[in-house]
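Reader: I'm new to this one and would like to learn how to read it. Could you take me through some features, giving the general idea and then the case here?

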Amino acid sequence: MKIKRAFTSVIAGFSIAVGCLAINNLSANAATTQNGVTNDQINQYVNNATLEQKVGQMYVSRTPQDPNQVKNDVSKYNLGGLIVYDADMKGLTQQQFKDKMKSFQDSAQTPLLVGVDQEGGLVSRLTHSELVQQNGNQFAFPRKQYEEGGMKEVVDDAEKNATLLRSLGINWNYAPDADYSTKPGTFMWDRTFGQGYQQTADYLSKVVPAWQHDNLVASTLKHFPGYGDAADTHTGFAENSKSLTELENQDMVPFKAGMKAGADSVMVTHVIYNKIDPEYPASLSPKINSLIRNNCNYNGVIVTDALEMGAITDFAKEHGNASVDVLAVKAGNDMIMTTDYATGIKEIISAVKAGEIPESQINASVTRILQLKNKLGLLKPENLMFRKPTNNNNNNTSTIINPGNTDHKNPSVISGNNSITISGITYNNDKKVAFINGKVSDPAAEGSMIMTATNANTGKKITTAVVGGKGVFAIELPMTNEVQNVKITSDDDSYAAVTTKVEAIKADKPVVNTDQNNKQNSSTEKQTNKQNNSVKDEVNITLNTEKQANSAKKNTQVVSKNINSEKTTVTNPVYKSAIKTNYQGKNVITTSHDSAAHAVAQKSNNNAKVLPKTGTKENIVALFGLAITSTTALFGLALRKKN
């Protein structure tokens, strides 16, 4: 099977190479802006920067809600970029938001790429946060813009929105969507252009230059190599079963057009493509990244989708909590979209020092990132000079307007119909992990809202999850030996918190082993051993055993009453073992925790089988069966003596 997959990959990869050979990324080699730097200055920076500084540039993080933390971490870790969501815009005027972004840029050693999901429709952070008011079709999904105004309206709105984003301090848009979905109602359907693969390719060839006009904003083709009809990766695993040939002739056609049009970046999805790499999600797969670099000859910035999404957290848990940041770099991504940069930077540095990742690869990624920043007019020579990180915790933040509850810990303002609904709690097979399933009332919260689970009694944070499509979320948390009261909150303080209960881990049923049971068991074992020895040594049996025989006969009658079917099974996972014997031609499962009794049963039935552990009641049945076997042997010996 592996050989077949490898052969398929080679053939399909070759065909993709032929189709993509002419595609070159125009943005990476674009001329420097008026205030820009030269490629030699970028190379000098890369050659002299510390490994920590370079790896920091590879991170683009969700913006922390504490402005002081943002400024401190941007400087301390030399972060490459930030993502802004609704929570970063709510309650602010446009000027206040611009001042906020400027304060973050002022803290950066090298200017930040500030990204946003501004696709349109439900994925419109500007309007959803109410930072900008809706204006006709300007912020609608491109599908709707095209249906109502044709390609001219799509292109015009992209140009206007790019200008608006840059005026607000945003220079990187995670759009346009290059996916195509064939099934209405699937996760990606509404976000796609919706006019077929080739029509989508034509759309991208026109809309990419519109988004990137005058080098104000970088655009992003997503979600490579084509999301298709896959499930929502925000909440868990999603798969695509198309072959490489199918992807090349269908889903990758729009991406090729966008690359040829000069798209500045490509975002890789978390979907697993079974026929390309059945083990790794695309964002962590070297095979998928190879399609971008080697087959399509693309040299722009490759960025992962957010690693906090359910598909990746599930993958990490199933692989021994492997460092997904390290895997993302090994796969070939230039930028990693995640919030845990403090941990990830250390892990990547360790991997480089251990020889798992060549530093030359880090250098190549940072070079592409700096070239993009330079194209956007962000870099000046002084930005590439080294300075010590500064601690901004005590900086004057009077220019930053606090938009209410920035920590989002104690929801205080409940407005509109904003609500959190718990739809149910499920558990894994061994009852060690609970899944709290729910939904927020706003379907446009997809990807932008974080749900947090805390212990309602102690206030201790347990875990978080990203809201997925249609406002659905699934929070996975470990169970404990006690019932947990779990409080679910949103990072949007217009949602009231809800509390639910999670069951305790159910321990295995304990063995009931009182002193009386111990004495009975001990007495039973002694009697059994004595009988076994009698049979084994063929001691003299006389008619004085008649009392024992009569007792055994009564026991036999009891067992016989219980045998009213073709097969009677007695099991209970408590004691040590079980054996299978035969009585009057019918299969009976009898039990015992005594090895000597096994030997007796084995003599009467060579097919005796060890079964799962059994309990006290079944042990009594076992003794009845043993009595039958022993009585038969005893009568046999007695008759032999008599004769």
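Reader: Let's start with a strand. Which residues point one way from E15, and which point the other way?

Author: In a regular strand the side chains alternate between the two faces of the sheet. Here, Ile450, Thr452 and Thr454 point one way from E15, while Met451, Ala453 and Asn455 point the other way. Helices (H or I, at least four residues) and strands (E, at least two) are DSSP runs, numbered from the N terminus. Before going on, keep in mind that this is a predicted model: local features need pLDDT of at least 70, side-chain atom pairs count only at pLDDT 80 or more, and totals for chains, interfaces and linings use all residues. Residues are numbered from 1 along each chain as its sequence is written, and side-chain values use heavy atoms, with hydrogens and water left out.

Reader: How many of the residues of strand E15 are buried?

Author: Buried means under 20% relative accessible area, exposed over 50%, and partly exposed in between, with a 1.4 Å probe and protein chains only. In strand E15 (residues 450-455), 6 of the 6 residues are buried, so the strand is largely enclosed by the rest of the structure.

Reader: Which strands does E15 pair with, and is the sense parallel or antiparallel?

Author: Strands of a sheet pair through backbone hydrogen bonds, either parallel or antiparallel. The rule used here is that two strands pair if DSSP finds at least two bridges between them. E15 pairs with strand E16 (residues 461-466) in the antiparallel sense over 5 bridges, and with strand E18 (residues 484-490) in the antiparallel sense over 5 bridges. To find these on screen, look for Thr454, whose bridge partner in E16 is Lys461, and for Met451, which stands opposite Ser490 in E18. E15 and E16 form a hairpin with 5 residues between them, and Gly459 in the turn has a positive phi of about 80°.

Reader: And the sheet with E7 in it: what is the strand order?

Author: The order is E7-E9-E11, in an open sheet of 3 strands with parallel pairing. Strand E7 (220-224) and strand E11 (301-304) are the edge strands, each pairing on one side only. From one strand to the next, the twist averages 25°. E7 and strand E9 (residues 265-268) pair over 3 bridges in the parallel sense, with Thr220 having Ser265 as its bridge partner in E9. Helix H11 (residues 252-260) packs on the sheet, touching E7 and E9, and its direction makes about 160° with that of E7. For such angles, axes are lines fitted to C-alpha atoms, for helices over the stretch in contact, and angles run from 0 to 180 degrees between N-to-C directions.

Reader: Now a helix. What span should H16 have?

Author: The expected span of a helix is 1.5 Å times one less than its number of residues. At 1.5 Å a residue, the 17 residues of H16 should span 24 Å, and its end C-alpha atoms are 24 Å apart, which agrees. Of those 17 residues, 13 are buried, so H16 is largely enclosed by the rest of the structure. Just after H16, Gly377 takes a positive phi of about 75°.

Reader: Is Arg368 buried or exposed?

Author: Arg368, found in helix H16 (residues 359-375), counts as buried because its relative accessibility is 15%. Contact means heavy atoms within 4.5 Å. Leaving aside neighbours within four places in sequence, Arg368 is in contact with Arg293, Asn299, Gly300, Val301 and Asp334.

Reader: What about aromatic rings: how many pairs are there?

Author: Rings of Phe, Tyr and Trp (its six-membered ring) pair if their centres lie within 6.5 Å; planes under 30 degrees apart count as stacked, over 60 as edge-to-face and the rest as tilted. By this rule there are 8 aromatic pairs. One of them is the stacked pair of Phe193 and Tyr203, 4.1 Å centre to centre with 0° between the planes. Tyr146, Phe193 and Tyr203 form one aromatic cluster.

Reader: Finally, how is confidence read, and what is the average pLDDT of the chain?

Author: pLDDT is the predictor's confidence in each residue, from 0 to 100. The chain averages 78, and 68% of the residues score at least 70. Over residues 1-19 the pLDDT is below 50, and over residues 21-34 the pLDDT is also below 50. Where pLDDT is low, the predicted coordinates should not be read in detail.
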